[in-house]
Amino acid sequence: MANLGLLEDEQIPLDLAALALSELDHPGTDLEPYAALLQYISVRLGEAGGSAARPSERAAVLSEVLHGEFNFRGDVESYDAPLNGDLIRVLDRRQGLPVSLSILYVAAARRIGWAADPLNTPGHVLVRLGGDEAVVIDPFNGGAIVEPDQLLALLDRAAVAGVTVSADQAGPMSNRTTLVRLLMNQATR
């Protein structure tokens, strides 16, 4: 991943790039077991979701595999701990921030050919699955589907808190933007 900056955005494997960035804080760590776990998650997702065609069905399978089978969840007890944005520690602990968990959900879905994007929602990254019948899910909360009124409430809370809310904040983030957001979360913690 030393050439990460030279890749076109769509060529960046989101989870492996986040893993490579995490290694900077863990020199000498063998990344192979982590990369193998990421691949295995995708294999399990493919096995469990082979017949899932609609985005809502795929959302249920993502939740079943990542939250149910692998026990990934949001860290509500120590939310601001720096390790929640460190993908090596997220994989070790099965807990993380919305952005780190979104990276896992998006990368696993993409690896098996599903359309998935992290959303640039202020304060809480979400994931959009699908195209025409897209659904929004919250990896921090076990992959639960986020209804349109819940998304509007999230944006309203951000606006009340003084965050400028624009259409970009409900739209998809590029891979680079997602990685920058992950790093910014780590830096502020």
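Alanine 144 counts as partly exposed because its relative accessibility is 36%, where buried means under 20% relative accessible area, exposed means over 50%, and partly exposed lies in between (1.4 Å probe, protein chains only). The structure is a predicted model, in which local features need pLDDT of at least 70 and side-chain atom pairs count only at pLDDT 80 or more, while totals for chains, interfaces and linings use all residues. Residues are numbered from 1 along each chain as its sequence is written, and side-chain values use heavy atoms, with hydrogens and water left out.

Alanine 144 belongs to strand β6, residues 144-146; helices (H or I, at least four residues) and strands (E, at least two) are DSSP runs, numbered from the N terminus. Setting aside neighbours within four places in sequence, alanine 144 is in contact with Val136, Ile137 and Asp138, contact meaning heavy atoms within 4.5 Å. The C-alpha atoms of alanine 144 and alanine 60 are 8.1 Å apart in space, although 84 residues separate the two in sequence.

We can now turn to the charged side chains. A search of the whole structure gives 9 salt bridges, each defined as a side-chain nitrogen of Lys or Arg within 4 Å of a carboxyl oxygen of Asp or Glu. One of them joins arginine 176 to aspartate 9, at 3.8 Å from N to O. Arginine 176 lies in helix α7 (residues 175-188) and aspartate 9 in the segment before α1 (14-23), so this pair ties together parts that are 167 residues apart in sequence. Arginine 176 counts as partly exposed because its relative accessibility is 32%, whereas aspartate 9, at 19%, counts as buried.

A salt bridge also forms between the side chains of glutamate 69 and arginine 44, with an N to O distance of 2.8 Å. The pair links distant parts of the chain, 25 residues apart: glutamate 69 sits in helix α3 (residues 55-69) and arginine 44 in helix α2 (residues 32-48). Glutamate 69 is partly exposed, with a relative accessible area of 36%, while arginine 44 is buried, with 18%. Together with Glu47, Arg44 and Glu69 are linked in a network of salt bridges.

Arginine 128 is in strand β4 (residues 126-129) and aspartate 117 in strand β3 (residues 116-119), so the pair ties together parts 11 residues apart in sequence. Arginine 128 counts as partly exposed, at 26% relative accessibility.
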